[in-house]
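My entries follow the order in which I looked.

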Amino acid sequence: MGTSVQVTPLCGVYNENPLSYLVSVDGFNFLIDCGWNDLFDTSLLEPLSRVASTIDAVLLSHPDTLHLGALPYAMKQLGLSAPVYATEPVHRLGLLTMYDQFLSRKQVSDLDLFTLDDIDNAFQNVIRLTYSQNYHLPGKGEGIVIAPHVAGHMLGGSIWRITKDGEDVIYAVDYNHRKERHLNGTVLQSFARPAVLITDAYHALYTNQTARQQRDKEFLDTISKHLEVGGNVLLPVDTAGRVLELLLILEQHWSQRGFSFPIYFLTYVSSSTIDYVKSFLEWMSDSISKSFETSRDNAFLLRHVTLLINKTDLDNAPLGPKVVLASMGSLEAGFARDIFVEWANDPRNLVLFTETGQFGTLARMLQSAPPPKFVKVTMSKRVPLAGEELIAYEEEQNRLKREEALRASLVKEEEIKASHGSDDNSSEPMVIDTKTTHDVVGSHGPAYKDILIDGFVPPSSSVAPMFPFFDNGCEWDEFGEVINPDDYVIKDEDMDRGAMHTGGDVDGRLDEATASLMLDTRPSKVISTELIVTVSCSLVKMDYEGRSDGRSIKSMIAHVSPLKLVLVHAIAEATEHLKQHCLNNICPHVYAPQIEETVDVTSDLCAYKVQLSEKLMSNVIFKKLGDSEVAWVDSEVGKTESDMRSLQPMTGAASPHKPVLVGDLKIADFKQFLSSKGVQVEFAGGGALRCGEYVTLRKVGPTGQKGGASGPQQILIEGPLCEDYYKIRDYLYSQFYLL
């Protein structure tokens, strides 16, 4: 049998809840994504709590709350202790996302689910990988290789490829095939025939995605219209994900139009977010990377955007129309919620949503059709204790300190008694007898003269009256004392922790204002009031989620053509729609499991491990094919001295085989190649390539259908047997390797 693979959804199937899935590969348990929602609903994590202790590795795909928000809580409360793998941007920006979540919640509630230390502990040991980096798991995971690949959607967003014995398990959710200003499109289409593809059906029913230029024009025109009549514009955004694309759109438009309206980016970690992003250019789109290489122009040196980390600075800003991008996108907490309540009753103002709000949140309520005229909002804020409350708090703290000191002293006394338990005099006051001070040791050794024992009683087993002493012996060689270089290496997490107190820099460390807010230990309390907010402002929703639409999802899955398909993360209607489409057109094995329902997607192929003998390899001639080398081998199966299967040279003559052409021809690339050879070439209808006057070349699927959806493809050359025909055929053969 092939590699054993089981998939168990823990959260995020048949609904829009956060993403969290258990994938077992030959008994090695992966937790892929560990998401939470902005409501911090602990009931969503109950399935995870039942398996957290069995997880061997955690893979994170995107740096937002829906993909990694539960990681600190799971490590603190649920017993999750597995190593975590992510790209560098997902690690850094995910950390800032959780900081912003914590500080936003802490200002309006007594959040006790996790602390800042829990966030640091969860992220400090993340193993960072680069795109396409193959990482061989150690220990229990020996033989398994993991690698992140470009997903689009968010900076550092990843498609995870898990490989075991030549079979691939691909996890691809929230990917985007479109190239954006700061991100390249996904590379999902580069995978062919994986054993298992786990993907989402989130946008399976969404098919009217507008062109980027038209969408950007509507977006900017809507903002400009409200600014020009004296209104303010609020964009509720995430902390460090899709907001980056919006910042670039506004920055470029303001530069081109010369607008003087101010733009503010307001989160608790806005300065640190942009500092990090400036150093992640190699993770961004080709256009941004090339621009930096040629002109040293960093796209995120924002000249028209002001970074703010507290609302007081916004309140003190000059009066007049302004654009504010503030977290959180759900409007459940953060600066965006406060600003919405202040601006909602002015019809000149605009609240512009760029993504669908999470289920059950204020943002989702405002996006309903028709939008509500009034909303009931609970507003909370944290205020310092004063007067009698402060006195009572301090008295209680002093009482707790005294009790703690008393407990510590009692424990210390018990430890002293235990350490002197073998000495008869250990529990009695010291009596100094001048007659015995000249002979302390007695029969144990030579007498020590003139030794006065005061406050210390040596155990009866001691050789000499001395305090405990531990000899830290050092090793020496011909160069001096032997040292361990690791003792002098400053760890990344230590540098980051120290940087919190020193201000921001290019590495994205926290500035002093944010760090001081984190370290604020003044006694305080949360007070809440309920308000009825009149919604007179304009409410507009535009699609800037950065996900592929339904048509593209179907095309992608057909191109990848997996042997088995698992669908997750979408409402029931979208899940069933995509499931039926794939069953009818792409793959006979499609699964859409429920929460905690395990589906076995083990490959039907048989895999065997064999050893290539030296005699066989010495006669093999390899040919270079991309990053690999290929060769045709005629051999027979034998066994080595250690009883392992081995491929040995043929004992007799090998039977002839048909020539095999190895390679992947792209019609567009072949067109350019023919043009360079002086051949007149152009695309004809149906994706065919007309070469010269008489010859036509086209790709067909295994059943003769143009652009076949799955299986191996064939290339047909049509035309009369003439000189051009044979010349085009030779050019075509040159694009492959003949084995």
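**Entry 1: salt bridges.** I looked up arginine 128 and found that its side chain meets that of glutamate 88 in a salt bridge, at 3.1 Å from N to O; the term stands for a side-chain nitrogen of Lys or Arg within 4 Å of a carboxyl oxygen of Asp or Glu. Arginine 128 is in strand E6 (residues 127-129) and glutamate 88 in helix H4 (residues 88-106), so the pair ties together parts that are 40 residues apart in sequence. Helices (H or I, at least four residues) and strands (E, at least two) are DSSP runs, numbered from the N terminus. I also noted that Glu88, Arg92 and Arg128 are linked in a network of salt bridges, and that a search of the whole structure finds 24 salt bridges.

**Entry 2: what I am reading.** I remind myself that this is a predicted model, in which local features need pLDDT of at least 70 and side-chain atom pairs count only at pLDDT 80 or more, while totals for chains, interfaces and linings use all residues. Residues are numbered from 1 along each chain as its sequence is written, and side-chain values use heavy atoms, with hydrogens and water left out.

**Entry 3: a second pair.** I found a salt bridge between the side chains of aspartate 216 and arginine 181, at 2.7 Å from N to O. Aspartate 216 belongs to helix H6 and arginine 181 to the loop between E10 and E11, so this pair ties together parts that are 35 residues apart in sequence. Both aspartate 216 and arginine 181 are buried, where buried means under 20% relative accessible area, exposed over 50%, and partly exposed in between (1.4 Å probe, protein chains only).

**Entry 4: helix H6.** I then followed helix H6 (residues 212-228), whose buried residues include Arg215, Asp216 and Phe219. The buried residues of H6 pack against several elements, among them strand E12 (233-236) and helix H7 (243-257). After H6 comes glycine 230, which has a positive phi near 90°.

**Entry 5: glutamate 180.** Leaving aside neighbours within four places in sequence, glutamate 180 is in contact (heavy atoms within 4.5 Å) with Arg212, Arg242, Glu245, Ser285 and Gly546.
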